[in-house]
Amino acid sequence: MDRPTGKTMDCFVEFFSQGDAQAALNKCLMRGSQLRLGERVVDVHMSSQDELMKELFPRAKNCTWEHGWPRITESTEPYNTGFKSFVTNEELLQMVTWADKPHRFPWFCVERYTIKTRDEIFRSTLSLVNILMNQLNRANEVYTPHISETLLADLLYAGLNVSAFSEQQRWALCKAGSPVGVKVRMSPLAEVWPFEVLGRKAGIDEDVVQKYAQILQSHPANTSRETPFGVWTAFSNEALGLDTLGQIGAHEMEMVLSMLRDVLPESL
């Protein structure tokens with residue numbers, strides 16, 4: 001999309017395999033004449049994941065893409081501020097794109113984006129859910145044919161599939177969408193989940209998670225028995241100089257392992 005005018009420019013179509021993509025391209029080329037979309041003449045050619053990622057994150061400075069992975073380079077130019085983030089605050093307004101394809105953001109590069117960026121994306125997602133909720137609640141007053149519970153469910157499920165969102169953030173999304181019947185089963189511990197990055201492994205039984213919560217609650221450093229995990233006094237991530245998800249996740253894991261070693265018998 002052209003930013004100044006808002007006009008749609010390039011469109012990417014993804015296929016399950018390179019062969020499927022080539023077959024679709026060959027079918028288009030066999031027509032011989034100019035291809036049209038309505039009154040517009042279109043040009044069809046083979047693209048790549050790297051071109052797609054470059055278009056999705058055009059303002060990521062000093063960043064190139066190789067097989068879908070970002071490659072960050074240092075610049076010697078005096079006025080080049082270097083790589084800061086994959087997205088800017090302005091681009092967070094385009095959350096609808098990420099809501100449709102949440103896996104396109106390189107969440108796996110946990111050393112390349114900060115907890116602040118993650119939280120801003122979450123707040124934008126939650127705002128979109130609340131906006132849709134308000135529109136659905138006004139359905140009897142204002143005719144909005146494209147606003148539906150299905151659209152809300154799609155946005156909600158997209159947010160829940162963002163691997164970087166914390167358990168508490170996922171719980172907040174479910175709570176925001178629940179009044180219209182969009183139900184997702186969440187752990188009762190999600191509301192009080194104490195970690196910013198660490199989450200529960202997929203497929204782990206609830207009783208296992210609760211058992212670990214009880215062990216952490218029994219740690220001598222716990223200052224309250226009112227929550228399942230307890231309350232511990234710790235330095236903030238900012239005070240420790242931690243800002244990326246990778247740094248914070250490693251610190252949280254080290255803290256948990258240390259607490260488990262303090263509580264569990266050495267024989268285990």
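## Overall build

Residues 24 or more positions apart supply 56% of those contacts in the protein chain that have a separation of 6 or more. Please keep in mind that this is a predicted model. The protein chain holds eight helices and four strands, and in sequence order these elements follow the pattern α-β-β-α-β-β-α-α-α-α-α-α. Of its 268 residues, 34% count as buried.

Two parts of the chain get a closer look here: the hairpin of β3 and β4, and the packing among the helices α4, α5 and α6.

Strand β3 covers residues 63–66 and strand β4 covers residues 69–72; they run antiparallel and are joined by four bridges. To follow the pairing in your viewer, start with C63, which stands opposite I72 in β4. Then step to T64, whose place is opposite R71 in β4.

In a regular strand, side chains alternate between the two faces of the sheet.

Most residues other than glycine have a negative phi. What phi does N62 have, although it is not a glycine? The value for N62 is positive, about 55°. N62 sits in the loop between α2 (49–56) and β3. With a relative accessible area of 16%, N62 falls under the 20% limit and is therefore buried.

Is H67 buried or exposed? Its relative accessibility is 75%, over the 50% limit, so H67 counts as exposed.

## Helix α4 against α5

Helix α4 spans residues 115–137 and helix α5 spans residues 149–160; their axes come within 10 Å and cross at roughly 165°. An angle over 145 degrees counts as roughly antiparallel, so that is how α4 and α5 lie to each other. Their crossing is left-handed.

On the α4 side, the contact is made by T125, L128, V129, L132, M133 and L136, and on the α5 side by E149, L151, L152, L155 and G159. Sorted by class, the residues of this contact comprise eight nonpolar, two polar and one charged.

## Helix α4 against α6

Helix α6 (residues 167–177) packs with α4 at an angle of about 10°, and the two axes are 9 Å apart. Angles under 35 degrees count as roughly parallel, and α4 and α6 are therefore roughly parallel to each other.

Which residues make the contact of α4 with α6? From α4 come R118, D119, F122, T125, L126, V129, N130 and M133, and from α6 come Q169, A172, L173, A176 and G177. This contact has seven nonpolar, four polar and two charged residues. T125, V129 and M133 of α4 are among the residues touching α6, and they are also among those touching α5.

## Helix α5 against α6

The remaining pair in this group is α5 with α6, whose axes come within 9 Å and cross at roughly 170°. At that angle α5 and α6 are therefore roughly antiparallel to each other. L152, L156, G159 and L160 in α5 meet R170, L173, C174 and G177 in α6. By class, five residues of this contact are nonpolar, two are polar and one is charged.

Several of these residues take part in another of the contacts described above. L152 and G159 of α5 meet α6 and also belong to the contact with α4. L173 and G177 of α6 meet α5 and also belong to the contact with α4.

## The loop between α5 and α6

V162 is located in the loop between α5 and α6. Its relative accessible area is 5%, under the 20% limit, so V162 counts as buried.

F122 is one of the α4 residues that make the contact with α6.

Terms used: Residues numbered from 1 in each chain as written. Predicted model: local features only at pLDDT ≥ 70, side-chain atom pairs only at ≥ 80, totals over all residues. Heavy atoms only, no water. Axes fitted to C-alpha atoms, helices over the stretch in contact; angles between N-to-C directions. Parallel < 35°, antiparallel > 145°, perpendicular 65-115°, else oblique. Left-handed = near helix turned anticlockwise from the far one by under 90°. Contact = heavy atoms within 4.5 Å. Nonpolar A, V, L, I, M, F, W, Y, C, P; charged D, E, K, R; others polar. Pairing = 2+ DSSP bridges. Buried < 20%, exposed > 50% of the residue type's maximum accessible area, 1.4 Å probe, protein only.
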